[in-house]
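Look at the sequence and the model together.

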Amino acid sequence: MPTAHINAESTDFAPAVLMPGDPKRAQRIAEQLLDSPKKVTDVRGMLGFTGTYQGQPLSVMGSGMGQPSIGIYANELYKFFGVQRIIRVGTCGGISADVHVGDIVLAAGAHTDSNFNQARIPGIYFSAIASANLLIAAAAAHTNETPLHIGTIVSRDHFYASTPGQNEGLADYGVLGVEMETAALYGIAAQYHTEALTVLTVSDHLFDDTYEMTASERESTFQGALKLAVAAALV
Ligand SMILES: O=P(O)(O)O[C@H]1O[C@H](CO)[C@@H](O)[C@H]1O
Ligand SMILES: O=c1cc[nH]c(=O)[nH]1
């Protein structure tokens, strides 16, 4: 039955959903990866598709930007559409000096400045962590030359963040990069006893603006990240 934000039937989604932020990227991924992709939802332009990948059912859907947005879609997918795994495929800004533009990051855990997960367990600071099962599957699928990093990221509510010393503090603790959704996704997966993983491509670096990826570098690197995400989705 359709929900407030997803106009699909309850059986329209595969057990695993790849989730980029941009709905148009969701469409491009669906057209590239899936056999017989079918559009299953388009409320507010947030496109979702289901088809098969090497004979296995797989869905792709956009999340929008920020924790409130991915929070709505992840909640409804897990609760009403039988989804068991969501793999976010996106971009992050590099923070650690070990991370470079074009590298791939698997988010083992996500710090945040948001209160999205704050009230989950009375008196407890919730730890937003990836599903080990998916993390191991994605890491095992890494074969290409693109450097892979596994560690913590930060999911920040402000894209244009300006708290003095915050980026330096995060770098000091080895935080790999910044994006805006993963802490909420991991919290919701824990709430529903389901699985989640975030696979990121480093699109820029907060401490080094000298290198920008060309369009073809961006696409080939993204393909590397997508391969790891698919491996996690279909583990
Ligand atoms: O690469 P995607 O998934 O769009 O996500 C990143 O890009 C957006 C900001 O430009 C934020 O949503 C951030 O998390
Ligand atoms: O949230 C994000 C995503 C990519 N790059 C950034 O600097 N921030």
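At what angle do helix H3 and helix H6 pack, and how far apart are their axes? This is a predicted model, in which local features need pLDDT of at least 70 and side-chain atom pairs count only at pLDDT 80 or more, while totals for chains, interfaces and linings use all residues. Residues are numbered from 1 along each chain as its sequence is written, and chains are lettered from A and ligands numbered from 1 in the order in which they are written.

H3 (residues 132-140) and H6 (residues 215-233) pack at about 135 degrees, with axes 8 Å apart. Because of that angle, H3 is oblique to H6. Helices (H or I, at least four residues) and strands (E, at least two) are DSSP runs, numbered from the N terminus. Axes are lines fitted to C-alpha atoms, for helices over the stretch in contact, and angles run from 0 to 180 degrees between N-to-C directions. Angles under 35 degrees count as roughly parallel, over 145 as roughly antiparallel, 65 to 115 as roughly perpendicular and the rest as oblique. Leu-134, Ala-137 and Ala-138 of H3 meet Leu-228, Ala-229, Ala-231 and Ala-232 of H6 (contact: C-beta atoms, placed from the backbone, within 7 Å). This contact has seven nonpolar, no polar and no charged residues. Ala, Val, Leu, Ile, Met, Phe, Trp, Tyr, Cys and Pro count as nonpolar, Asp, Glu, Lys and Arg as charged, and the others, Gly among them, as polar.

A second pair is H2 (residues 67-80) and H5 (residues 182-191), whose axes come within 8 Å and cross at roughly 25 degrees. H2 is therefore roughly parallel to H5. The contact includes Ile-70, Ala-74 and Tyr-78 of H2 and Leu-185 and Ile-188 of H5. Its residues divide into seven nonpolar, three polar and no charged.

An unreviewed UniProt entry lists residues 16-227 as "domain: Nucleoside phosphorylase"; such annotations may be inferred rather than shown by experiment. The span is 30% helix and 30% strand, and its end C-alpha atoms lie 14 Å apart.

Now to the ligands. Among the residues around ligand 1 are Pro-20, Asp-22, Thr-91, Phe-159, Glu-179 and Met-180 (near: C-beta atom, placed from the backbone, within 6 Å of the molecule). This shell has four nonpolar, three polar and three charged residues.

Ligand 2 is surrounded by residues including Thr-91, Phe-159, Glu-179, Met-180 and Asp-204. Strands E5 (85-94), E8 (177-179) and E9 (195-205) each give two or more residues to this shell, and E5 gives the most, with three.

Definitions and conventions. Contact = placed C-beta atoms within 7 Å.
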